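Please read the following points alongside the sequence and the three-dimensional view. They begin with the fold of one chain and end with the surroundings of a ligand.

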Amino acid sequence: MFAYLVKRLLQAIAVMLAISLIAFAIQGNLGDPLRELLGQSVSEEVRQQLREDLGLNDPFLVQYWRFLGSALQGDLGTSYFFKEPALEVILKKLPATMELVFGATIIIIGLSVPLGIYTAIRPNSILSRAIMAISIIGISIPVFLTAILMIYFFSVELGWMPSFGRGETVHIIGSWDTNFLTVDGWAHIIMPSIALSSIMLPMFIRLIRAEMMEVMQSEYVRFARAKGIAPGRIYFVHALKNTLLPVITVGGVQIGTMVAYTILTETVFSWPGMGSMFLEAVNRVDTPLIVAYLIVVGFIFVVTNTIVDLIYGLVNPTVKLARMGA
Amino acid sequence: MTLLSVRDLTVKFGTRGTPVTALHGISFDVARGERVGVVGESGAGKSITGFALMNLLSRPGYIDSGEILFEGKDVTKMSDREIRRLRGNRMAMIFQDPMVTLNPVLTIGQQMIETLRAHRRLSYDDARQISLVKLKEVYIPSPEARLDQYPHELSGGMRQRIVIAIALLLDPQLIIADEPTTALDVTIQADIMELLLEMCRSNMVGLMLITHDLGVVSQVTERTLVMYAGRIIESGKTRAIINDPQHPYTQGLINALPQQTPPGTRLRQIPGSMPTLSTMPPGCPFNPRCELATDVCRARMPEITQFGEVQVACHEVKRLHAELAELEGAQ
Ligand SMILES: Nc1ncnc2c1ncn2[C@@H]1O[C@H](COP(=O)(O)OP(=O)(O)OP(=O)(O)O)[C@@H](O)[C@H]1O
Ligand SMILES: [Mg+2]
């Protein structure tokens with residue numbers, strides 16, 4: 001168990017190093033920091049002097065090493081636009097984004113498991129065919145289009161739903177305000193969450209369906225039937241756990257990917273999260289903020305994947321053995 | 001007393017268009033406590049027969065016609081609930097590969113206890129106790145610990161013993177064992193087969209043993225069915241079939257045994273291969289490979305006829321017996 005943990009942790013660190021290297025390399029290629037700091041009217045000598053002072057003439061790896069050192073102390077540079085530490089700017093926006101991702105995750109898990117199972121065990125029913133047809137449409141329509149269509153129908157035409165912002169939120173702790181404690185907050189988060197889940201949800205339904213159908217063909221399910229086990233128990237005890245094991249692994253990666261999809265969703269719904277912030281930062285060439293965003297998102301990605309792997313190890317009995325051997 | 005009586009059982013596979021026939025109206029009986037071997041080349045329909053008895057054919061296979069009378073009731077006419085009460089309870093099955101028979105995410109205990117509780121009103125603890133007793137009966141070392149282990153923690157031989165224990169849990173009347181040792185290490189095949197035989201003998205359980213191995217059939221079973229291309233072409237007392245096979249196919253099978261071949265010479269395989277379901281020749285399905293085949297064989301399927309202790313479906317055997325009878329009559 002301990003060896004497995006250490007191994008998993010080392011992997012996570014390696015991935016974070018790679019991400020930081022890439023982010024840092026991008027920083028060097030996005031505009032000239034001196035122009036941001038000094039403006040146009042400074043002489044060439046002063047510029048050179050400042051370059052030397054800031055260490056911008058040092059070899060790439062030396063600069064990267066310095067960047068890494070301050071990053072480890074939580075210093076990811078200062079946003080040109082906000083004139084605040086980039087990490088702080090992002091952390092303020094983080095709760096809004098995470099609540100959105102959470103909402104979408106709940107929708108995905110809550111619907112994909114029952115629908116995936118249903119379409120697997122009743123593949124020929126009319127309802128299953130309808131679900132599969134709709135899921136194809138869901139996968140093929142881009143997130144921003146789903147979002148715009150929803151705004152058009154439910155906000156503009158019908159006037160049922162608010163179309164932008166977070167609405168009324170309740171302060172919890174630090175920079176965390178939540179949508180989930182007021183009716184208005186719920187009304188505001190529903191459409192963005194649906195939009196954000198609109199590609200993952202159909203993908204998960206199809207994934208669970210395919211896995212479940214394969215498991216239902218397995219010898220151990222046939223043996224369970226030969227033992228006289230009732231269908232309900234076969235579906236939910238014998239088949240479901242085996243179905244969800246591979247889904248957990250894919251799911252972890254996808255939740256990470258969803259953080260990236262928030263850029264589009266947040267922009268369309270003017271959701272004040274770090275996704276829309278990132279797009280603004282790109283427009284303003286706010287390099288430190290862009291780099292900090294990449295590192296934070298990479299970090300979230302690595303953490304969710306590690307947690308998912310650990311959960312997988314806990315629920316899958318065959319992994320335990322490998323772990324003890326490790 | 002008859003336990004199982006199969007009459008004209010026809011199984012088809014309903015692929016797109018016209019369905020193909022996998023079992024052509026086979027008939028046979030199993031008496032209480034009787035051990036019957038089912039032999040034949042790969043694809044002869046042995047497994048299909050076994051699964052059909054429990055109505056466990058996987059799609060697109062289905063029972064087209066015929067009767068399966070088990071303890072006097074027709075399995076083919078039972079409701080799902082009735083047949084579920086039969087499975088694992090009155091009729092149990094042992095599969096070929098113990099590595100994939102047990103569910104990888106459930107403990108041995110869970111898989112045994114659920115079987116008991118599917119058929120009997122038992123508390124969890126009582127069911128666990130019965131499971132423990134059965135594990136001891138099949139000589140599982142430290143059975144208490146095994147109950148909480150997962151299948152992957154056990155060897156193939158151990159797993160097959162557990163599958164046998166599961167099959168025996170509810171004291172069934174019939175066990176259908178589909179090549180129960182083929183997937184195991186050769187060194188333990190004999191042990192497992194011996195265990196199965198011992199269990200069936202001591203509990204008076206009927207056994208349908210599906211196998212390729214005629215040696216095993218002669219040691220374990222009292223009666224044998226020889227299958228070819230979805231038909232039973234010869235059946236009768238195992239001793240009679242092994243010592244005096246009638247059908248040219250059965251003779252071919254027995255001649256191909258290593259014991260029948262002098263050391264240093266090639267095994268005498270039957271030339272050619274069995275027709276597939278979609279390339280079935282007219283007449284007797286064995287005729288393209290049969291040295292004795294005549295025009296009648298190529299035109300008409302022979303009916304099953306009783307000759308002494310065995311039943312054979314072969315035109316030539318029938319003709320020979322008729323000639324023999326004529327000679328005797330003339331004397
Ligand atoms: N799902 C299926 N669809 C179509 N044909 C099938 C299917 N399953 C089996 N068959 C066919 O039915 C015939 C009998 O198969 P069966 O599995 O009973 O053979 P077997 O005698 O058990 O062979 P083996 O010794 O290889 O186990 C074979 O010709 C096989 O191709
Ligand atoms: Mg078979």
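1. Among contacts in chain A between residues at least 6 apart in sequence, 70% join residues at least 24 apart; a contact here means heavy atoms within 4.5 Å. This is a predicted model, in which local features need pLDDT of at least 70, side-chain atom pairs count only at pLDDT 80 or more, and totals for chains, interfaces and linings use all residues. Residues are numbered from 1 along each chain as its sequence is written, chains are lettered from A and ligands numbered from 1 in the order in which they are written, and side-chain values use heavy atoms, with hydrogens and water left out.

2. Chain A has 14 helices and 2 strands, which are DSSP runs numbered from the N terminus (helices: H or I, at least four residues; strands: E, at least two). Taken along the principal axes, its C-alpha atoms fill a box of roughly 85 × 60 × 35 Å.

3. Of the 326 residues of chain A, 41% count as buried, that is, under 20% relative accessible area with a 1.4 Å probe and protein chains only. The accessible surface of chain A is about 16700 Å², and carbon and sulfur atoms account for 70% of it; such areas come from the Shrake-Rupley method with a 1.4 Å probe, and for residues only the protein chains shown count as cover.

4. An unreviewed UniProt entry annotates residues 94–312 of chain A as "domain: ABC transmembrane type-1"; such annotations may be inferred rather than shown by experiment. This span is 79% helix and 3% strand, and its end C-alpha atoms lie 27 Å apart.

5. Is Thr262(A) buried or exposed? Thr262(A) has a relative accessible area of 0% and is therefore buried. Thr262(A) belongs to helix α11 (residues 231–268) of chain A. Leaving aside residues up to four places away in sequence, Thr262(A) touches Thr97(A), Val101(A), Leu196(A), Thr267(A) and Gly275(A).

6. Which residues come nearest to ligand 1? Of the 13 residues around ligand 1, they are Ser42(B), Gly43(B), Lys46(B), Ser47(B) and Ile48(B), where near means a heavy atom within 4 Å. Helix α1 (residues 46–53) of chain B supplies the largest share of this shell, 3 residues.

7. A backbone N or O atom of Gly43(B) lies 2.8 Å from an oxygen atom of ligand 1. A polar side-chain atom of Lys46(B) also lies 2.8 Å from an oxygen atom of ligand 1. For Glu179(B), a side-chain N or O atom is 3.3 Å from an oxygen atom of ligand 1. Taken alone, ligand 1 exposes 640 Å², of which the protein buries 67%.

Conventions:
Buried means under 20% relative accessible area, exposed over 50%, partly exposed in between (1.4 Å probe, protein chains only). A polar contact is a pair of N or O atoms within 3.5 Å; within protein, one must be able to donate a hydrogen and the other to accept it, and residues adjacent in sequence count only if both atoms are side-chain atoms.
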